[in-house]
Each structure stands twice: as structure tokens, then as C-alpha cells.
Amino acid sequence: MELSIELPVDNDGFLRRECPHCEQEFKWHHGPANEEAEHQQPADAYFCPLCGQVAGPDSWWTQAQLDLIQAEVSGHVGSQLNDMFDDAFRGLRGGGLVRVETSGGFDDVETPEPLDEPDDMSIVASPCHGWEPVKVPENASGPFYCLVCGAAFAV
């Protein structure tokens, strides 16, 4: 089973992320930010630009993104289970020796509101990997850390 869930990016193409260590939010560019970035290999891990801690590529979801993903997956799986039960008991609902009645369903999950991505935060780029810019909260003063190698830098 494959399920596609669309997460919003801001008008500059940045996706909101949350550090699993310091739990602060920042944004990284979704997809290559420029021609130089198109030729780079994806990193095995990334560094938080705000605290410098490292984590794997799938560790940076915000709570709102996780809630949306969970609701979308629950609704999709529930719909699949309802279809399976309907198919399994199709011949038993019309009467005969055995009668099956069902109520409720597995897809009784509230449809989540789509996420909105405001155009907040300021763009900063590290001197060592400038092709991977990030957005940090406007009140953040640094030092900041390179998303790719974790080197500290100031702006």
C-alpha cells in the first residue's frame, strides 16, 4: 500500500521542520534550492540549525505534520478494512441461516484540516554548504549550525 500525503511549503519552497532534540521549529528547502544543490547527494543525517544536534532524515516532523499523517493513514486504512469486511460478508446480509449486521466503521476518523504554511522566518545559509539554506525564527540570534555538516556559523 502506498499513500501520498502533501505537506505545504511556503512561497519560497521551504518546508517546516522540528528538531527532535530542542523541539524548535525551522524550515529547510523542499527539493534542490539551486543548480549546485541538484548535484549533491542526499545526506544520511542532518544537523539542527538552532542547536547543532544531529538526527536522521525522517526525524524532523512537526507535531502538526505527524497528526495530519496519522489521521490520513487512519482514514485510508479504515476505508480499506471496511471494503474488506463488506466483501467478506456480502452474501450473508440478505438472510438465510446466518445473518450479519454491521454498524459503525473503521473509517470514522475526523477529516484533518489541511496545514497552512505562512511565509515566516529568515533565510540563512552556511558558508560551507551554502547550497542548503534554511529558514530560522526571525528572533533567533545564533550561532547557527550547517544543516549538512553541523559547523557553527554567524550571520
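Is Arg-16 buried or exposed? Arg-16 is buried, with a relative accessible area of 12%; buried means under 20%, exposed over 50%, and partly exposed in between (1.4 Å probe, protein chains only).

1. Basis. The model is predicted: local features need pLDDT of at least 70 and side-chain atom pairs count only at pLDDT 80 or more, while totals for chains, interfaces and linings use all residues. Residues are numbered from 1 along each chain as its sequence is written, and side-chain values use heavy atoms, with hydrogens and water left out.

2. Arg-16 and Glu-117. These residues form a salt bridge (a side-chain nitrogen of Lys or Arg within 4 Å of a carboxyl oxygen of Asp or Glu), with the closest N and O atoms 2.8 Å apart. The pair links strand β1 to the loop between α2 (63-88) and β5 (122-124), 101 residues apart; helices (H or I, at least four residues) and strands (E, at least two) are DSSP runs, numbered from the N terminus. Glu-117 is buried at 11% relative accessibility.

3. Lys-27. The side chain of Lys-27 meets Asp-10 in a salt bridge at 3.0 Å, N to O. Lys-27 lies in strand β2 (residues 25-29) and Asp-10 in the segment before β1 (14-18), so the pair ties together parts 17 residues apart in sequence. Lys-27 is buried at 0% relative accessible area, as is Asp-10 at 4%. A salt bridge also joins Lys-27 to Asp-120 (2.7 Å, N to O).

4. Network. Salt bridges link Asp-10, Asp-12, Arg-16, Glu-25, Lys-27, Glu-117, Asp-120 and Lys-135 in a network.
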